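Visitor: I would like to learn how to read a structure like this one. Please show it to me, and then take the features one at a time.

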There are 2 protein chains.
Amino acid sequence: MQWKVITVGKPALPWAKAALEDYLYRLKRVTRIEHVVIKEGPRDQVEVQLLNASEGSLRIILDERGKARRSLELAQWIEQHDLRGTKRASLIIGGAEGHSAKFREQADECWTLSSYTLQHEIALVVLAEQIYRAYTIMRKEPYHRE
Amino acid sequence: MQWKVITVGKPALPWAKAALEDYLYRLKRVTRIEHVVIKEGPRDQVEVQLLNASEGSLRIILDERGKARRSLELAQWIEQHDLRGTKRASLIIGGAEGHSAKFREQADECWTLSSYTLQHEIALVVLAEQIYRAYTIMRKEPYHRE
């Protein structure tokens, strides 16, 4: 599976940027993953850009209304999609305004990371660590403990 | 409310340390909060230290089995405890091994941040941001959006 992580606006928290780079570096040894940043602007314009950037891929949005998973379940989800031949997946984190209802309808899946509202750069760090954790589970590496 | 955030072992991720410092700095303008680090060691010894460090305070452990909340609910929880006169609360994040059943029994509350297993330093960052967010909600500052 080839991943695209799509976020809106330049990161404002330097440590969150460093955290993301850390996990992307680790992930690039085991899969293909890139980070794409969409320029901030009015939500409808941003959402057009998000749709364009995720065209032709499984479109996953991160949203408080989404499905909660355990780390093992995420690893199983990736394995199943690999078996099914899913080639590309996009993980989309919106800005502080969240996603519109119309945009959410165009997503294939909606995931949630926490019952709490996470600052969107922290959500990105949590997400990157979960994707990394999922690969360590799939590769039976000693990182995840139940 | 006076907070003590108690963790085990020196932070290994420099960006997580920077993130925690960022939120503690912001929080110190609105409440009293300190970070206490317990030395790593065998779990039973570590847990004795965690109990000692949180003596005389409301003891809250962070655990996957805990209660999930929304950010607004956390702000309400703090307000209620302030009204009730709760003076001190300790937030305890264990190491990679988690907490023992015996230790969990000695906690007043058990909170969970995510259905996913979070690396414990990331859990600490998520927690610090939630406490900060709760204070911005209580103070009606324009940080949190529903």
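Guide: We can start with a helix. Helices (H or I, at least four residues) and strands (E, at least two) are DSSP runs, numbered from the N terminus. The expected span of a helix is 1.5 Å times one less than its number of residues. Helix α1 of chain A (residues 14-27) has 14 residues and should span 20 Å at 1.5 Å a residue, which agrees with the 20 Å between its end C-alpha atoms.

Visitor: Which residues of α1(A) are buried?

Guide: A residue is buried if 20 or more other C-beta atoms lie within 10 Å of its own, exposed if 12 or fewer, and partly exposed in between, with C-beta atoms placed from the backbone. In α1(A), the buried residues are A:W15, A:A16, A:A19, A:L20 and A:Y23. They cover an arc of only 140 degrees around the axis, so they lie on the same side of α1(A). The arc is that of the directions from the helix axis to the C-beta atoms. The face turned away from the buried side of α1(A) carries the exposed residues A:P14 and A:Y25.

Visitor: What do the buried residues of α1(A) pack against?

Guide: Two residues are in contact if their C-beta atoms, placed from the backbone, lie within 7 Å. The buried residues of α1(A) pack against β2 (32-38) and α5 (120-138) of chain A, together with α1 (14-27) of chain B.

Visitor: Before we go on, where do these numbers and letters come from?

Guide: Residues are numbered from 1 along each chain as its sequence is written, while chains are lettered from A and ligands numbered from 1 in the order in which they are written. This is a predicted model, in which local features need pLDDT of at least 70 and side-chain atom pairs count only at pLDDT 80 or more, while totals for chains, interfaces and linings use all residues.

Visitor: What rotation superposes chain B on chain A?

Guide: Copies are superposed by least squares on the C-alpha atoms of residues with pLDDT of at least 70 in both. Here a rotation of 180 degrees, with 0.0 Å of shift along its axis, superposes chain B on chain A with an RMSD of 0.0 Å. The two copies are therefore related as by a two-fold rotation axis. Both copies use the same surface, as 100% of the contact residues of chain B recur in chain A.

Visitor: How many residues does the contact take from each chain?

Guide: The contact takes 24 residues from chain B and 24 residues from chain A. On the side of chain B that touches chain A, α1 and α5 of chain B each supply at least two residues. The most comes from α5(B), with six residues.

Visitor: Now the sheet. What is the order of the strands in chain B?

Guide: Strands of a sheet pair through backbone hydrogen bonds, either parallel or antiparallel. Two strands count as paired if DSSP finds at least two bridges between them. Chain B has an open sheet of five strands in the order β2-β1-β4-β3-β5, with parallel pairing. At the edges stand β2 (32-38) and β5 (109-112) of chain B, each with a single partner strand, so one side of each is left without a neighbour in the sheet. The twist averages 30 degrees from one strand to the next. Axes are lines fitted to C-alpha atoms, for helices over the stretch in contact, and angles run from 0 to 180 degrees between N-to-C directions.

Visitor: Which helices pack on this sheet?

Guide: Helix α2 (residues 43-53) of chain B touches β1, β2 and β4 (88-93) of chain B, and its direction makes about 160 degrees with that of β2(B). Helix α5 (residues 120-138) of chain B touches β1, β3 (58-68) and β4 of chain B, at about 150 degrees to the direction of β4(B).

Visitor: Is β1(B) mostly covered or mostly open?

Guide: Strand β1(B) is mostly covered, with five of its seven residues buried. Strand β1 (residues 2-8) of chain B pairs with β2(B) in the parallel sense over seven bridges. Opposite B:T7 stands B:V37 in β2(B).

Visitor: Which residues of α3(B) are buried?

Guide: The buried ones are B:S71, B:L74, B:A75 and B:I78. They cover an arc of only 100 degrees around the axis, which puts them on the same side of α3(B). The buried residues of α3(B) pack against α5 of chain B. On the other side of α3(B), B:Q80, B:L83 and B:R84 are exposed.
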